[in-house]
Amino acid sequence: MMQAQPTASHYVNGAYLEDATGASLPVIFPGTGEEIAQVHEATPAVIEAALAAAKAAQGPWAALMPVERGRILRRAADIIRARNRELSELETLDTGKPISETLVADATSAADALEYFGGLAGTLTGEHVPLGSDWAYTMRVPLGVCVGLGAWNYPTQVAAWKAAPALVCGNTMVFKPSEQTPLCALKLAEILTEAGAPPGVFNVIQGAGTVGRALVEDARVAKVSLTGSAETGKKVYAGAAAQMKHVTMELGGKSPLIIFADADLDSAVSAAINANFFSTGQVCSNGTRVFVQREVKAEFLSRLVARVAKATIGDPRDEATNLGPMTSAEQLAITCSYIEKGKAEGARLVHGGRRLDRPGWFVEPTIFADVTDEMTIARDEIFGPVMSVLDFDTEDEVIARANATDLGLSGAVFTRDLVRAHRVIHAIEAGTVWINQYNLTPVELPFGGIKGSGLGRENSRAAIEAYSQLKTVYVGMTPVEAAY
């Protein structure tokens, strides 16, 4: 098949770079299980080339006026939008996500980030502070070389969410995609070069954990930004802390979606579908613990099952498909093992639960009812299309149960009572929450978690804080005196 072979495995110093002595990483199309490309893991020589290029480029890049950097990002956004179809097709091959999703949610999201941060470039200023006859000012300065570690579920979006604020602030970046989805970030690097980014400003190298570790531990790196699991986050955070590096950690979640009896039930069902089955359930902020007030539980389940039964499962390259395969055989096996645990621990399977008998890594959208808080499927992040529906009676009860987790990425409440909506949402321990909506993450808003779901924020002006630092300058205007 081999229909997505990139020019080379890596993109370093403004050009594609190959080193075939690195371990081979096959790229498998999840829709069929066929190999569509092959890349090589970065060797020590490739890692060194990328870091050296980023280090050499950082000073001249930071010396540009911010609006000049912003102009390049905005040009890259325009190129991405013009090539949305091509980039979306590549994302579908890389991840298995349906083309009906990638056309509207992936490359377009990357373009939004580049455009937004490019537009903020002129606002990267400090402040003047009067101090009597003396005065002071602050400057917003870059951190230096940044490392981005990407996830396999949104490879184009994650690369741009990290690159855009980093680059506009005057940093350079070495980005390592997930070894399972290595293709899309190479296109972003190529487009940034085409848009005018100097060589070395944005570099992409391939590999698994050993390559990531080498990047995190290198003394030239000032900042590490990871999107990944909570367990991976702890390891990366510890490695970065050893050298006092800046970090942004966007990690996993086990988020609550709370549906009160007075909610618009059709909207709540739609939100539950989006929060569990979009991208075949492979979204970190998904609301996989669906708490439904007891008096509407039966009606909720009836409407939910009827609608999920209408999902079109099939070839993700077909625009009629709206539920595709899992991204990897490994993730499919993990998901199926959790489905078996749900059954064994007494949850009631009301829909799905089976792997489909066809090529590729397909599993039915799965709904469990009568789930209790102590069940494994209610505690662990599954990262697959498995919804747990839990009953509740009172507001205080559901708040306590929703917060009874070490994670705190997201959450939502559905109710027509807006006073209660705000009261409950303020009590939910999560970094990103919704009222009568789910999983919308426009670039204008900060995104991130609390507790074990990470620290720092991506997107919005908050990301500027994450990729820059303030330098304080005190200006003495009078002679200095001393006691002796």
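**Helix H5**

I opened with burial: 10 of the 14 residues of H5 are buried, so this helix is largely enclosed by the rest of the structure. I keep in mind that I am reading a predicted model. I then listed the buried positions of H5: Ala107, Ser109, Ala110, Ala111, Ala113, Leu114, Tyr116, Phe117, Gly118 and Leu120. Next I asked myself what covers the buried residues of H5. The cover includes helices H2 (66–82), H3 (84–95) and H4 (99–105), and also H6 (155–168), H7 (184–195) and H16 (462–466). I checked the length too: H5 runs over residues 107–120 and reaches 20 Å from its first C-alpha to its last, close to the 20 Å expected at 1.5 Å a residue.

**Helix H9**

I gave H9 (residues 230–241) a similar check. Its 12 residues should span 16 Å at 1.5 Å a residue, and the end C-alpha atoms are 16 Å apart, which agrees. Which residues of H9 are buried? I found Ala230, Gly233, Val236, Gly239 and Ala240. A reminder to myself on helix geometry: an α-helix has 3.6 residues a turn, so residues three or four places apart point the same way. I then looked up the partners, and the buried residues of H9 pack against helix H8 (209–217) and against strands E7 (145–149), E10 (221–227), E11 (246–250) and E17 (407–408).

**The sheet E5-E6-E22**

Here I traced an open sheet of three strands, in the order E5-E6-E22, with antiparallel pairing. Strand E5 (128–131) and strand E22 (468–475) are the edge strands, as each pairs on one side only. On average, neighbouring strands of this sheet are turned by 20 degrees against each other, direction ignored. How many bridges join E6 to E22? I noted eight, with E6 covering residues 134–142 and the two strands running antiparallel. For a landmark on screen, I picked tyrosine 137, which stands opposite valine 473 in E22.

**Two single residues**

I looked up threonine 376 and found it in helix H13 (residues 376–379). Is threonine 376 buried or exposed? Its relative accessible area is 10%, and under 20% counts as buried, so threonine 376 is buried. Leaving aside neighbours within four places in sequence, I see threonine 376 in contact with Tyr338, Lys341 and Glu345.

My last stop was alanine 20, in the loop between strand E2 (15–17) and strand E3 (24–29). With 55% relative accessibility, alanine 20 counts as exposed.

Definitions and conventions: Residues numbered from 1 in each chain as written. Predicted model: local features only at pLDDT ≥ 70, side-chain atom pairs only at ≥ 80, totals over all residues. Heavy atoms only, no water. Helix = DSSP H or I, 4+ residues; strand = E, 2+ residues; numbered from the N terminus. Expected span 1.5 Å × (residues − 1). Buried < 20%, exposed > 50% of the residue type's maximum accessible area, 1.4 Å probe, protein only. Contact = heavy atoms within 4.5 Å. Pairing = 2+ DSSP bridges. Axes fitted to C-alpha atoms, helices over the stretch in contact; angles between N-to-C directions.
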